[in-house]
Amino acid sequence: ESLDVLDRQSHRLKKLTEDLVEMSKASTGNLPVNASRRSVNELLLQALGEYGERLDRAGLEAVLTLPEREAFVWADGTLLWRVLDNVFSNACKYALSGTRFYIDASLGGGRVKLSFKNISRDKLNVPAEELMERFVRGDASRSTEGSGLGLSIASGLTKLQNAGFRLSVDGDLFKVRLEFDRILSV
């Protein structure tokens, strides 16, 4: 039993160390960015496919809205996947079961806007700005998963790609918004 506890704790410590290194690299700009033309529709459909079972287990209904025209951005696929992975993972961990997880992509003003919304399972007792800080969690009682670095890492990785990352909290509504410059299809 003690070995199991030590094993779990060592995995958590390893994950925390990896997150700290990634956050440090992202915040200082010391990560290589290998940007290329990426289809937002394709990335979101891929993320939904990857997370379909986890969303089902979490009791979440994914509601995806894509623009009629294909949306392309200049981004690093690996870094953007890490951002999407964080957003989808947070929804699976912290959204209220039996609700919807909204994923919207829209075009406007030369930008591609991605919006992710869910209702929080627990009371969000900190403002959005504070959730973006390192080691902060939305509910002080959370102690089993995560390091409290995910949103900070996601923000840093988004900014490395010259894109915008905004978080908002309205009551129990948790919303992440990403904005990239749109590139036209070739």
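The model is predicted, so local features need pLDDT of at least 70 and side-chain atom pairs count only at pLDDT 80 or more, while totals for chains, interfaces and linings use all residues. Residues are numbered from 1 along each chain as its sequence is written, and side-chain values use heavy atoms, with hydrogens and water left out.

**Salt bridges**

- Side chains of opposite charge can pair when their charged atoms come close.
- Here a salt bridge is a side-chain nitrogen of Lys or Arg within 4 Å of a carboxyl oxygen of Asp or Glu.
- Counted that way, the model has six salt bridges.
- One of them joins D181 and R111, whose closest N and O atoms are 2.5 Å apart.
- D181 sits in strand β7 (residues 173-183) and R111 in strand β5 (residues 111-119), so this pair ties together parts that are 70 residues apart in sequence.
- Helices (H or I, at least four residues) and strands (E, at least two) are DSSP runs, numbered from the N terminus.
- Another salt bridge links R177 with E179, at 3.3 Å from N to O.
- Through shared partners, salt bridges join R111, R177, E179 and D181 into one network.
- R121 and D122 also form a salt bridge, with their closest N and O atoms 3.6 Å apart.

**How covered are these charged residues?**

- Buried means under 20% relative accessible area, exposed means over 50%, and partly exposed is in between (1.4 Å probe, protein chains only).
- D181 is partly exposed, with a relative accessible area of 45%.
- E179 counts as buried, with 18% relative accessibility.
- In the other pair, D122 has a relative accessible area of 21% and is partly exposed, and R121 is partly exposed at 41%.

- R182 is a residue of strand β7, and its 24% relative accessibility makes R182 partly exposed.
- Which residues does R182 touch, not counting those up to four places away in sequence?
- R182 touches R69, E70, F72, L107, G110, R111 and V112, where contact means heavy atoms within 4.5 Å.
- G109 is found in the loop between β4 (100-108) and β5, and G109 is exposed at 82% relative accessibility.
- Although R182 and G109 are 73 residues apart along the chain, their C-alpha atoms are separated by 8.8 Å.
- For G109 and D181, the separation is 72 residues in sequence and 9.0 Å in space, C-alpha to C-alpha.

- Is α5 mostly covered or mostly open, and how many of its residues are buried?
- Helix α5 is mostly covered, with 10 of its 11 residues buried.
- The buried residues of α5 include G150, L151, I153, A154, L157 and L160.
- Just after α5 comes N162, with a positive phi of about 60 degrees, although N162 is not a glycine.
- N162 belongs to the loop between α5 (150-160) and β6 (164-170).
- With a relative accessible area of 67%, N162 is exposed.
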